[in-house]
Structure formats: structure tokens, C-alpha cells
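Here is a friendly briefing to read with the model open beside you. Please take a look at the fold before going on to the notes.

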Amino acid sequence: MVHVLNHPLITHKLAIMRSKDTGTRDFRELLYEIAMLMTYEITRDLPTEKVEIETPICKMETEMIQGKKLAVVPILRAGLGMADGFLKIEPAAKVGHIGLYRDPDTKQPVLYYCKLPDDVSERLCVVTDPMLATGGSAADAISILKEKGVKNIKLMCLVGAPEGVELLQKLHPDVDVFLAALDECLNENKYIVPGLGDAGDRIFGTL
Ligand code: PRP
Ligand code: URA
């Protein structure tokens with residue numbers, strides 16, 4: 001299922017990020033803030049359990065999140081910018097890293113690094129990557145997690161293209177995809193239109 005988080009705060013911050021005049025420092029900060037806002041939505045269905053606490057006034061029964069086991073798995077490089085926001089909200093989550101880059105000629109993802117928590121198969125894994133273009137990188141990262149036995153996976157991206165959404169629905173229909181925006185299409189270089197350009201370069205200032 002695809003969830004497009006149409007929310008004024010997210011759309012406003014994303015509009016600033018999209019502008020070619022926004023520099024690295026602001027771009028990174030806004031990505032961090034949007035990732036925090038998106039984490040709020042992504043964690044909406046975490047199971048809770050009843051607990052009894054005592055306020056300064058009286059005892060009360062309320063709810064807390066039940067022994068959750070989470071992992072955030074950024075796709076390097078650009079996914080790191082969203083993982084930080086996730087960890088601000090869920091500081092106890094473990095972190096896995098999957099390094100993939102798009103071959104400049106074929107646009108196919110190439111794996112160069114993978115390090116995951118030992119108990120990753122028992123965790124809800126949230127894969128982060130700002131850009132879902134052809135969908136190849138996200139689909140490969142999800143396949144790697146499934147090969148390690150992970151059953152519960154969500155994908156958190158900033159901007160998606162219809163082509164990427166379609167590929168994920170075909171290859172990984174069980175994975176919920178969360179987007180801040182669904183854009184129009186891909187260009188001849190497989191960049192998202194209108195998009196925001198090269199996310200990794202804009203986050204790390206490597207333009
Ligand atoms: C970008 C982006 C995604 C991928 C999306 O990474 O961060 O990982 O492209 O494209 P896709 O959906 O067509 O696979 P890039 O390959 O530029 O690597 P980087 O993050 O290291 O810059
Ligand atoms: N990778 C990016 O960083 N941006 C795009 O638009 C597509 C892939």
C-alpha cells in the first residue's frame with residue numbers, strides 16, 4: 001500500500017528543499033525534520049499495552065508501546081539523512097546500512113556494502129531513502145532484508161515517481177510505502193520530475 005503524506009508542514013518544508021536555491025545546510029535540516037514528521041505516521045500502528053503509572057495526583061491506567069523491536073535501514077548515502085530523523089523519535093532503534101549506488105550508464109543499483117543487526121529478522125525494519133525513482137535501489141534493499149528473514153518492512157521515501165511505486169507494488173506488495181510526495185515521472189536520465197535533483201549530492205554538498 002502506498003501512503004502519500006499530504007500534510008501542509010511536510011509539503012511546505014519539501015517545497016523549500018526542492019528549490020535549486022536551497023543550500024546543503026538547510027536541505028539537510030529540512031530532510032531531518034520531514035523524516036521526524038513521517039516517523040510519526042509510520043509508527044501509527046505500533047502495538048501498545050496497558051500500564052499503570054502514578055501521576056502527582058493519582059494512579060492511572062494508560063498505554064505505552066509494547067516491547068517493540070525496530071531497526072532503521074538507510075540506503076547509503078542519501079538514506080542517512082532520513083535515518084537521523086527516525087532515530088530522534090525512536091532512539092532505541094538499531095541501525096543497519098545497505099550501500100547501493102545507481103550505475104551511471106545502466107541506472108541499475110550496484111551493492112557495495114551491507115551491515116545489519118544480528119537480530120534483524122525479529123525487527124520491524126524501516127528502510128529510508130529520499131528518492132524512489134525507478135525503484136530498483138529500494139526493491140534490492142528490501143530483497144536483501146527478506147533474504148535475511150525480515151518479515152515486517154516499511155519504506156520511507158521523500159519523493160517518489162510512479163515508475164518506482166509500480167515496481168515496488170509488483171515485487172514487494174507486502175511492503176507499505178510512505179512518501180512525502182508522489183511526483184509526475186522520470187526524465188531520460190531516470191531522475192524524478194520535478195523532484196529535487198540528486199539527493200545525495202544535495203545532502204552532502206558533493207555537487
Ligand atoms: C539515489 C537515491 C536512491 C536511488 C534512487 O542514490 O538516493 O538510492 O538513487 O534511484 P532508483 O529508484 O532508480 O534506484 P544514488 O545511486 O545517487 O547514490 P547516493 O545516495 O550514494 O548518491
Ligand atoms: N536519485 C536522486 O538522487 N534523484 C533522482 O531524482 C533520482 C535518483
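The notes below cover helix packing, salt bridges and a surface patch.

This is a predicted model, in which local features need pLDDT of at least 70, side-chain atom pairs count only at pLDDT 80 or more, and totals for chains, interfaces and linings use all residues. Residues are numbered from 1 along each chain as its sequence is written, chains are lettered from A and ligands numbered from 1 in the order in which they are written, and side-chain values use heavy atoms, with hydrogens and water left out.

**Helix packing**

- Helices (H or I, at least four residues) and strands (E, at least two) are DSSP runs, numbered from the N terminus.
- Helix α2 (residues 24-42) and helix α3 (residues 80-89) have axes that come within 7 Å and cross at roughly 50°. That makes α2 oblique to α3 (under 35 degrees counts as roughly parallel, over 145 as roughly antiparallel, 65 to 115 as roughly perpendicular and the rest as oblique).
- Between helix α1 (residues 8-18) and α2, the axes come within 10 Å and cross at roughly 160°. The two are therefore roughly antiparallel to each other.

**Salt bridges**

- You will find twelve salt bridges in the structure, each a side-chain nitrogen of Lys or Arg within 4 Å of a carboxyl oxygen of Asp or Glu.
- D45 pairs with K154, and their closest N and O atoms are 2.9 Å apart. D45 sits in the loop between α2 and β2 (48-54) and K154 in strand β10 (residues 152-160), so this bridge ties together parts that are 109 residues apart in sequence.
- With a relative accessible area of 54%, D45 is exposed, while K154 is buried at 6% (buried means under 20% relative accessible area, exposed over 50%, partly exposed in between, with a 1.4 Å probe and protein chains only).
- D201 and R77 meet in a salt bridge at 3.2 Å, N to O. D201 lies in helix α6 (residues 199-204) and R77 in the loop between β4 and α3, so the pair links parts that are 124 residues apart in sequence.
- Salt bridges that share partners join K69, K94, D119, E122 and R123 into one network.

**Surface patch**

- Y101, Y112 and Y113 form a nonpolar surface patch, with about 330 Å² of accessible area together. Patches are made of residues with over 30% relative accessible area and no salt bridge, joining like charges within 9 Å and nonpolar side chains (Val, Leu, Ile, Met, Phe, Trp, Tyr) within 5 Å; areas come from the Shrake-Rupley method with a 1.4 Å probe, and for residues only the protein chains shown count as cover.
- Y113 belongs to strand β7 (residues 109-115) and counts as partly exposed at 40% relative accessibility.

Conventions: Axes fitted to C-alpha atoms, helices over the stretch in contact; angles between N-to-C directions.
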